Structure formats: structure tokens, C-alpha cells
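Thank you all for coming. Please have a look at the structure on the screen, and then I will walk you through some parts of it.

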Amino acid sequence: MGRRKFIAGNWKMNTSRESAVQLARQLAAHLGRVEDVDIALCPPACYLLAVHEEIAGTRLALGAQNMHHEKSGAFTGEVSPVMLCDCHCTHVIIGHSERRQFFGEDDELVNRKIIAALSHNLNPIVCVGESLDQRESGKTMEVVGTQLRHALVGVRPEQLRDVTIAYEPIWAIGTGRVASPEQAEQVHAHLRSVLTSMYGADLSMVIRIQYGGSVKGDNAAGILAQPNVDGALVGGASLKAEEFIAIVLAGVPA
Ligand code: PGA
């Protein structure tokens, strides 16, 4: 059905200005002309412009890791969608589990941010995922389904095309405990069925659903081969050029 794979690197609160530039430069050199896979780099906000300079004119896109939903105002310490656009961002990660867990972001705030991102022509990467407790008590599908429905309240069908979903089981993030390809596929298929119930089959078939959680160069191919896995949101392994390159190359169609 031709959904092009989409690999995004979430650098989290890592790198220095120097190492961010160096990583971006290496990735631009190796991946800047890769076709058939979409790629985004999401550095810390203070390095967005420096990374942009390295990837401008290549096929690598720039994304932020978070944003405030207002355009401007008295919100000390926050960064607005207008500012992200001004820094050449085309993407923004919204509702990462670390934002939900450590910064109190709930489904309603996540929804507000998604609506704001879309209204500024930023493509949101919307994260959902269950905790280990929730998985072990058989609540995974309910939890991720509820998160997805809430996240997309008020998102119009024509806007949905700009949305990427990222399924990130919390127990797999930064733990080295990757979901098996079958576990990922099961949840991705469920998320697509939720999209179908909200927007119809035609539209749900074009929306990309990334998997995130301990994706590495040596496990990416198996996960990306699943029919409903359309890419990866990569944390730790996105900080090493050779690992990230291997993950992207695993997404190139045979
Ligand atoms: P990880 O993080 O690849 O280090 O597990 C993924 C993420 O949190 O986006």
C-alpha cells in the first residue's frame, strides 16, 4: 500500500553544540540523499539552528522534541510553534512518555499541542504507549487506544495526513528490552483499527505508525518488516551515526 518508512532520531537531552553539529554532519553525508525513506533529526531546542545548517538542502528534516501550544506570551522557559517554524522545524514530537511522566502532560494537553502544531503546519509525531504494569494486566490495547482517541480530538481528516503516530511501550524505552516484531505488529494493527473507526479505512491506511523503544541497528529490520510498522522513533541509537544509519538503511525497500 506504499507507506514510505519514516525514521526519526530523538536525541533527548543529549549532545553538546559541537557533538550535535558533528553528528548532523555525518548523517547528512551518509543519508542526505537516501530516497524512499523519510528521515528527521530531533536535537535539543537550543541546537536546532546549528543542526539545520548542517542538513539544509539534504533530505533530512528537522524536528523538535516538544513545544508549547500558544504562539507567544508569558510562558517562561517555553518554546512556541512559531519559534520552531522560524528555526526551520517541520516536525515536532508530542506527548513523549517522558513528557507525560516527568512533566505532567496529560491527554488534554497533548491534544492541545497537536492541534496547535497542525495549525502552524508542523507535522506532529504523536507518542502513545503502555507501562509494564498496564501490559501485564492486559490493558495495552485499551490504554493506547484511549491515548490515541484523545490525542486526535478535533483533528480534521485533511489534517490527519500530517500526523505520524509513534507506538512507544514505556517498558521498552531506554531499557534494551525491545518489543518483539509480533508484539509491535499487534499494537500497530490495533492503532490502525482505531484510526479506521475514527476516519475510515482509506485515510487510516496512509497514516504512518512508528515503533519506538530500544530500536538498534541489529533489530530494526525485523520490526520494520511488519506490515503495520511504518518506521521508528529512535532514542539512544540515534546518537551514534553508524547505528542510526543502519536503522535507516533497514527501512529502505528491497
Ligand atoms: P530508546 O528511546 O530508543 O532509547 O529506547 C526511544 C524514545 O524514547 O523515543
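This is a predicted model: local features need pLDDT of at least 70, side-chain atom pairs count only at pLDDT 80 or more; totals for chains, interfaces and linings use all residues.

How many strands make up the closed barrel, and in which order do they run? The barrel has eight strands, in the order β1-β2-β3-β4-β5-β6-β7-β8, and their pairing is parallel. From one strand to the next, the twist averages 25 degrees.

Residues are numbered from 1 along each chain as its sequence is written, and side-chain values use heavy atoms, with hydrogens and water left out.

A few terms will come back. Helices (H or I, at least four residues) and strands (E, at least two) are DSSP runs, numbered from the N terminus, and two strands pair if DSSP finds at least two bridges between them. Buried stands for under 20% relative accessible area, exposed for over 50%, and partly exposed for what lies in between, with a 1.4 Å probe and protein chains only. Contact stands for heavy atoms within 4.5 Å, and axes are lines fitted to C-alpha atoms, for helices over the stretch in contact, with angles from 0 to 180 degrees between N-to-C directions.

Let me turn to strand β8, residues 231-234. Gly231 and Leu233 point one way from this strand, whereas Ala232 and Val234 point the other way, and all are buried. In a regular strand the side chains alternate between the two faces of the sheet. Strand β1, residues 5-10, runs parallel to β8 and is joined to it by four bridges, with Leu233 as the bridge partner of Ala8. Strand β7, residues 208-212, is also parallel to β8 and is joined to it by two bridges, and here Gly212 stands opposite Leu233.

Strand β7 also pairs with β6, residues 164-167, in the parallel sense and over four bridges, and in this pair Ile165 has Ile209 as its bridge partner. Helix α7, residues 140-151, packs on the sheet and touches β5 (123-128) and β6, its direction making about 150 degrees with that of β5. Thr140 is found in α7 and is buried, at a relative accessible area of 7%. Leaving aside neighbours within four places in sequence, Thr140 is in contact with Glu130, Gln134, Arg135, Tyr167 and Val187.

Now to a pair of helices. The axes of α1 (residues 17-31) and α12 (residues 241-250) come within 10 Å and cross at roughly 35 degrees. On the α1 side the contact is made by Leu23, Gln26, Leu27, His30 and Leu31, and on the α12 side by Ala241, Phe244, Ile245, Val248 and Leu249.

Which residues of α12 are buried? They are Ala241, Phe244, Ile245, Ile247 and Val248. These residues lie on the same side of α12, because they cover an arc of only 160 degrees around the axis, where the arc is that of the directions from the helix axis to the C-beta atoms. The buried residues of α12 pack against β1, α1, β2 (37-42), α11 (220-224) and β8.

Finally, two loop residues. Asp36, in the loop between α1 and β2, has a phi near 70 degrees, a positive value in a residue other than glycine, and is partly exposed, with a relative accessible area of 41%. Asn121, in the loop between α5 (107-119) and β5, has a positive phi of about 60 degrees although it is not a glycine, and counts as exposed at 65% relative accessibility.
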